[in-house]
Amino acid sequence: MHDGCAENIPVLSTILRDAKSSLKELHVVSLDVAKAFDNVSHHAITSTLKRLGLPSAFVRYIEDTYKNSSTVLTIKRSKSEPIRVTRGVRQGDPLSSLLFSLVVDRVLTSLPSSVGYHLGEHKIDALAYADDIVLFSSSILGMKEMLRTAGDEASKYGLQFNAAKCIAMSILIASKRKTYKVSTADSFQIGGGPIRQLGPTEHFRYLGVHFSPLGIRKPGGTLVLELANIASASLKPKQRLKILRCFLVPRFYPQLVLSRCHLQTLKSLDRQVRDAVRKWLRLPKDVPIGYFHARCKDGGLGIPSFRTAIPALIHTRLSDMAESSCAAVRGVFCHRSVQASIRWAETALSFHGRSLIDQETRSKYWASLLHQANDGKELSECARVRASHSWVDRNSAALSGRDYVQFHHLRVNALPTRIRTSRGRRGVGGPPIECRAGCGTTETAAHVIQGCHRTHGGRVLRHDAICRIAVSGLRQVGWSVRQEPHFHTREGLRKPDIVAVKDRVVRVIDAQVISASSSLDDSHRRKCTKYDTLDLRHQVASEYGVETDNIRFSSITISWRGIWSAASAASLCELGLSKCLDSVTVRALRGSHMNWLRWNRMTTHIGGYTGPWVTSPGPEFCLGPTTRNQPRIPNGRSTDRATPSTQTQQVDDNNNVEMVVCRFPGCGLPWATTRGRGVHEKAAHPDWTDRENLRAKRRVGPGQWQDDERRLLARREAELLHEAEINDNITRVKRNINMLLKPYTDRTLEALKSQRKRDEHKQLVMQMLQQLNQARLEPDEGKEDGNTNQPVPDAPTLTSDLLSKEHLEYFSSLEPVGSNTYDFSRLNSITHKIKQEQQALNRVKLMDSLTMFLNDILPPKTKRNPEKQKATKSFVSNKQRRRAEYARVQGLSQLHPSVRARINALPTKSRTSRGRAQERSCRAGCGKVETLNHVIQQCFRTHNARISRHNALSKYIARHLRKQGYLVEEEPEFQTDEGLRKPDICATKDRTTLVLDMQVRGDTTDLDRANREKCHYYENNEDLKRKIKKKYGSTTSRTLAITLNWREVWSRKSAEAALEDQVIRKSDLKILSSRTVIGTLNAWNIFNKRTDRRTQDRVGVR
């Protein structure tokens, strides 16, 4: 046995190379047999078998098989008479290729023995692989004799050579110049026709390899273009890698193995592959090379390397020639060019004293290259459990393209942390490497995902999700599960995640997602040892009524990169959770990457505070990148409440960073940014934060003016005008009245101007101004000097008589809530003036100021707007909304009879390009003209919209039939002799079944004909009628079709039949038409919103 392709190609290549190097004349002819397998005669087959001396019984069997063979032609269900086959081998028969090869070998053995090419001690006259035949001769006369003999011998067996497809090459020697030349003169012919002679730059194809007179042609086509074709195709990253790994890279093997290539060429091809994969997976440039070429089970991507695969294949193919059964092939193996190629392959496969000839050694080399890198150390245990790497090359619809890319970033530690992005730039003056959350530790991916305080909640969610998957899997296989039971033992509280019971056997399981800094199996054993105590065994045994020997302890141990502990996976497989391991791996990876995203979105920073996440090294200093050399705040707390106006600011001596303090009473934690403080307040003090936000919204948020606010503004304006009249500067005050009123309100200047323009405000100002003038003219009867004015009736109800000394001290101790209210100085001045002031008018002013302050810190509860409350109660159901939409469309149809024509005015390419030479093909890449009929009825973008429109019509008719007392079943399925039948509705009443089917057709369709064809589709099926009667117990059945086009034009016969059978009413025709129009417009909107295209390109085809 020998490999024809593996031997014939090196032999042909060696002969061409030897003729050029030894300056020998050589003539090569490649023969093409016309319809080779179809023309070989049956007599030639049997005579060849007899000539070889095969058993007579076998020869008779073959002879009878071909003698009795016949074929029958079938044309439109009509069959011809049996036609006897007198030539050709049987198609699909395993013996056919062998029988044909025996006949071809008989032709080759008849060639002249004195003609051929001498390669060393051996003479080679022909190479053959099935019907691919190549002849060799060292002279023109010898080749002509061979062609004449081959043609005559082949014709005896029914074979003919096609001269138009035969190729000849001639290498002649120029003795004077001691060189060779290629002859282009047509010197040979066969079957009466000339054979085309190849020139120096021309080539022919033999067994998939291109040969020219100069030798094997270099591989055609570039890998870059093929990679670009894959990148431009609408494929997921996993699909691109699958094509690259299984199809594209092996596609270049024959060209590179059978041709002469250099190591630099192979390295360049590997670089092109890695660059393309980096773009597909968005990987950084410093990802270890071993990650690309290591097997998936070893933690890599499994992409073959040209640098190691091609030399190994060359060495294997050439070495196998030494064991060939053909003496000439063994002679070619000893040729100097073949030995040089073998030595080159051995040198190329020698890495650091190791030979990578066999596949297993190469796999171990790439795995070691990956595991020795800093980013690939944790992947060393990946090969022990299949679930650790199955997601890389397994087809899973649950894994999206984005998840696949993100999981690879996690797996190879490609997340842009500070420790990774600062490689090669660390040292004095280099970029910082501390955690940006202020943890005081190095910002690595393991710290961010596994240890940082920002991702604590994400780690809990990831842990709980893994436990839920395990609990679901245990219950499916029959285990009774209890989650997170509490056991108080001598060692302390033990709270395992899962306790499973089945057949008086108890399994205690605890889940953990860890960093693989140590062996995963050691972490699994430590977790089991933690729970495997005598006290816990007795408690579990007494609670579940089992023996202590029937209690087993296990764990779900997986790293944050999705690598399983082999011992943990084995224990879970014993419980029947082998199918859940893949799901747990995907969920662990997704949770880890969600932690990374959560960490980047959060802004919390520990800062100068030594809190529950940071252990302070001493009492003098605390950790954190923003508080280096910062004196520590005692106890990390502040005893005084910090307000926006009185916040204590901590300043870093080195970076001059101002610290802001938490505003919750008694907390006082310092933060580097106000955003970090806000996140802390919302997380640590949620109730207080919500109350403060509500008060701030009531205080400064936009809203309507309250009555007290309007009255106080009007009083301020009246007082300013009153004082201006007294001081005779009324003109200056009126000119600047808005700016004078602005300090008394939190409203914007535009809102203030708008309020002053209102007639109600002007009337209130005039009324208060009259009261102030009257109070100034009338003396106070209770005062001797008569200079004090009485308070006006519209003053605030809060008077000075109500303010005792205790009240004033209480008001003085209050603090403002927001930064837009009066500060302490304003409040202190108000309370002090109230105590000292004796005049009534001034006391009224001071009381108004105090009222505004109290309304600011204690906002009154506003009454709901009755109109708004009434509008809230007016709930509109989906049914009412749908009816209103139908009524609107019907109104449009009645008010505008040209609505059908206006629908055709939608701007499709076919319509907008009228009269102009523009591209009219569909924007979705369908390859058809973009007409409105195509967009609504045929385009793949609107497929779901057509289904929704169809279902809307069907459901409306089904509801109407149920109201009439029909027993309705929607979309029943009937398997009949003519195939599956699935009408939209089957409605039964009074032992009569109505079979209804809806269809919305295009505007170019004959609707009556379409309705008739739809009815015949169900009526002419007798098997369907029998099954309908049997299923619904009916005696008769009728078929109706609801047929209209997307322009709401009905089939007359369909509408008449539906109205006659009372399937719908006359008013329902408008509703169904309206729903069709709505579905049509919805399809048009969906077509314009979507951007996907259907491309005709295929991978590898340009």
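**Buried contacts and paired strands in a predicted model**

The side chain of H293 makes a polar contact with the side chain of R274, at 3.0 Å. A polar contact is a pair of N or O atoms within 3.5 Å; within protein, one must be able to donate a hydrogen and the other to accept it, and residues adjacent in sequence count only if both atoms are side-chain atoms. The model is predicted: local features need pLDDT of at least 70, side-chain atom pairs count only at pLDDT 80 or more, and totals for chains, interfaces and linings use all residues. Residues are numbered from 1 along each chain as its sequence is written, and side-chain values use heavy atoms, with hydrogens and water left out.

H293 lies in helix α11, residues 289–293. Helices (H or I, at least four residues) and strands (E, at least two) are DSSP runs, numbered from the N terminus. H293 counts as buried because its relative accessibility is 7%. Buried means under 20% relative accessible area, exposed over 50%, and partly exposed in between (1.4 Å probe, protein chains only). A polar atom of the H293 side chain also lies 3.0 Å from the backbone oxygen of I303. Leaving aside residues up to four places away in sequence, H293 touches D270, R274, I303, P304, S305 and W366. Contact here means heavy atoms within 4.5 Å.

D18 is found in helix α1, residues 4–22. D18 counts as buried because its relative accessibility is 4%. The side chain of D18 makes a polar contact with the side chain of H335, at 3.0 Å. D18 touches L23, K24, Y117, L119, H335 and R336, again not counting residues up to four places away in sequence.

The protein chain has 1102 residues, of which 47% count as buried. Its secondary structure comes to 44 helices and 33 strands. Among contacts with a separation of 6 or more, 63% join residues 24 or more positions apart. The accessible surface of the chain comes to about 59000 Å², and 50% of that belongs to carbon and sulfur atoms. Accessible areas come from the Shrake-Rupley method with a 1.4 Å probe; for residues, only the protein chains shown count as cover.

Strand pairing was examined next. Strands of a sheet pair through backbone hydrogen bonds, either parallel or antiparallel. Two strands count as paired if DSSP finds at least two bridges between them. Strand β20 (residues 480–483) is joined to β23 by 4 bridges, and the two run antiparallel. R482 has V499 in β23 as its bridge partner. Strand β23 (residues 498–502) is in turn joined to β24 by 5 bridges, also antiparallel. V499 is partnered by V508 in β24, and A500 by R507. The hairpin of β23 and β24 has 2 residues between the strands, and D503 takes a positive phi near 55° there. Between β24 and β25 there are 9 bridges, and these strands run parallel. I514 has S559 in β25 as its bridge partner. Both β23 and β24 are mostly covered: 4 of the 5 residues of β23 are buried, as are 9 of the 10 residues of β24.

Helix α22 (residues 534–544) has the buried residues D535, L536, R537, V540 and A541. These pack against β21 (487–489), β24 (505–514), α21 (520–531) and β25 (551–559). G545 follows α22 and has a positive phi, near 70°.

An open sheet of 3 strands has the order β15-β16-β17, with antiparallel pairing. Its edge strands are β15 (204–206) and β17 (215–216), each of which pairs on one side only. In this sheet, 3 bridges join β15 to β16 (residues 209–212). F204 stands opposite F211 in β16.

On the surface, L52, L54, F58 and Y61 form a nonpolar patch, with about 380 Å² of accessible area together. Patches are made of residues with over 30% relative accessible area and no salt bridge; like charges are joined within 9 Å, and nonpolar side chains (Val, Leu, Ile, Met, Phe, Trp, Tyr) within 5 Å. A salt bridge is a side-chain nitrogen of Lys or Arg within 4 Å of a carboxyl oxygen of Asp or Glu. L54 is found in the loop between α3 (42–51) and α4 (56–67). L54 counts as partly exposed because its relative accessibility is 33%.
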